[in-house]
Amino acid sequence: MPRLRLPRSRASRGSRDRSVARQVLLLQLGTVLLLVVTGILMASYDARRDSRSRATQRSVAVAQTVADSPTTRDALRSADPTATLQPWAEEVRRDTDTDFVVVMGLDRTRYTHTDPSRIGGRFVGDLGRAPDGEVFTQQYTGTLGPSVRSVVPVEDGGQVVALVSVGITVSDINRGLMRDVGIVVLFGGLVLGVGLAGAWLLSRRLHRLTHGLGEHELARMYEYYSAVLHSVREGLLLLDGEGRVQLVNDEARRLLALPDDVVGTRIEDLDLPPGLVAATRGHTAESDDLYLAGERILVVSSAPARWDGRDVGSVVTLRDHTELRSVTGELEVVRRLTESLRSQNHESANRLHTVVSLIELGRAEDAVTFATEELRVAQLLTDQVVGAVEDPVVAAHLLGKSAEAAERGIELHIEGELPPGTGVTPRDLVTVLGNLVDNAFDAVADADARQVEVDLTGDDEAVTLRVGDSGPGLDPADSARVLDRGWTTKAEPGTGRGLGLALVSQVARRHGGEVGVGRSHLGGAEFTVTLLTHVEAGA
């Protein structure tokens with residue numbers, strides 16, 4: 001399977017959509033600008049209202065202080081109130097940062113004024129209910145221009161004897177307001193700058209993640225990819241660079257029995273065959289390897305996925321090979337029988353040539369003795385196998401293995417008895433015996449003493465198949481992993497080898513049995529397979 005390069009969707013500048021990242025950037029810029037401008041306007045309005053309110057409160061406080069002062073009452077009792085009140089009122093005005101402090105009689109005659117020339121004149125403005133003993137405030141345009149002013153009564157002996165008016169001009173209030181608004185605008189500008197910088201950074205990241213595509217392009221890609229993903233008959237699995245599942249179609253969920261929430265899960269945490277996991281995480285393409293997953297045999301192809309010259313994960317395709325494997329299994333039985341017949345034909349041809357040569361040498365009696373002995377040995381082996389196994393398919397398979405063992409110089413012993421009607425199909429028995437015996441033959445290929453022992457026992461409850469050899473055996477680490485799906489000593493994991501023992505384990509699970517691994521009395525490995533006869537295959 002070739003290395004997969006993800007497609008680039010690039011339309012011409014005249015026809016392509018404006019990228020999602022640019023649209024988001026413009027939207028964010030407009031939103032940030034609108035929020036900042038609105039915030040500045042609201043803050044300015046609030047500052048203006050607060051400045052007027054503070055000015056009014058300050059004028060009332062100063063006026064009440066002056067009205068309640070003993071100096072004011074004492075001066076009003078004198079013959080010339082202005083002589084005492086004018087310098088004192090000016091001092092109060094400067095200290096309180098107000099624009100005028102006017103003490104007047106009930107007839108509006110001024111005793112004090114910021115402009116001394118206006119002393120003695122009439123106060124300009126409303127008095128409200130101040131002559132009746134209440135505090136009055138207003139914004140009024142007087143001799144000093146528009147101002148926020150308050151009028152407070154001066155009481156002496158429970159009687160209102162004069163009035164005090166304190167004012168702050170609107171121009172003075174506006175100067176303070178401009179300072180406050182300037183601070184608001186400054187902070188608003190800082191917020192706007194931070195917001196624009198954040199929007200730009202987010203837009204860059206979004207542009208990188210969406211590869212500069214527009215919303216219509218993304219929508220088309222999602223619709224087409226989703227349609228293709230769920231319509232293909234092959235299972236499709238996409239992993240990211242850290243081995244987490246990012247995309248999986250319905251067929252892959254079915255073949256691997258994946259949970260609904262598999263997206264985001266590491267491939268190592270899905271209880272898949274070790275060889276399959278190794279293939280998906282590999283950095284080279286793998287094509288059409290066989291793996292056992294649960295009860296299914298899968299043809300797996302995998303390839304690294306690249307974008308802009310960097311690895312972004314891997315793509316794995318899965319095809320169900322179970323039914324085809326079942327058919328090829330039956331063909332394998334026929335092949336093995338054919339191979340056995342070939343071996344027997346080869347041996348028979350050798351014996352026939354020996355008999356003919358003896359006759360040509362005039363030693364007819366030796367020829368008869370040799371032929372009779374060979375016939376007796378062959379018949380003894382046949383009687384031994386048929387006596388142990390009454391099923392013709394299994395018996396023929398074991399006879400073929402006997403011939404193969406003789407051809408390879410291996411001493412094969414078949415012991416025990418397998419009664420008919422056990423409930424275990426001949427195909428399952430051939431699968432178990434064929435794989436175990438083949439493995440045993442391979443194990444003793446380089447041994448000094450080439451011995452393989454097959455023991456068959458069965459009753460109404462269970463069938464037990466035991467195969468031992470005189471090979472090197474298995475070390476503890478291999479014994480713990482030997483039944484892992486995809487494990488093999490013949491090749492590295494991830495090559496599609498190692499299905500034999502996995503298929504044996506699969507047959508045992510279908511029959512509610514188990515596979516045991518131990519040490520044979522011959523010195524090598526020993527596999528013991530127990531199949532329960534009262535459990536239906538696949539139950």
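Thr71, Thr72, Ala75 and Leu76 of α2 are in contact (heavy atoms within 4.5 Å) with Pro81, Thr84, Leu85 and Trp88 of α3. By class, this contact of α2 with α3 holds 5 nonpolar, 3 polar and no charged residues; Ala, Val, Leu, Ile, Met, Phe, Trp, Tyr, Cys and Pro count as nonpolar, Asp, Glu, Lys and Arg as charged, and the others, Gly among them, as polar.

The axes of α2 (residues 70-77) and α3 (residues 81-96) come within 7 Å and cross at roughly 155°. The two helices are therefore roughly antiparallel to each other (an angle over 145 degrees). Axes are lines fitted to C-alpha atoms, for helices over the stretch in contact, with angles from 0 to 180 degrees between N-to-C directions.

## Basis

The model is predicted: local features need pLDDT of at least 70, side-chain atom pairs count only at pLDDT 80 or more, and totals for chains, interfaces and linings use all residues. Residues are numbered from 1 along each chain as its sequence is written, and side-chain values use heavy atoms, leaving out hydrogens and water. Helices (H or I, at least four residues) and strands (E, at least two) are DSSP runs, numbered from the N terminus.

## Sheet

An open sheet of mixed pairing (at least two DSSP bridges between two strands) has 5 strands in the order β11-β12-β13-β15-β14. β11 (411-417) and β14 (514-519) are at the edges with a single partner strand each, so one side of each lacks a neighbour in the sheet.

β13 (residues 462-469) and β15 (residues 525-532) run antiparallel, joined by 7 bridges. Glycine 468 has glutamate 526 in β15 as its bridge partner.

Technical notes
Parallel < 35°, antiparallel > 145°, perpendicular 65-115°, else oblique.
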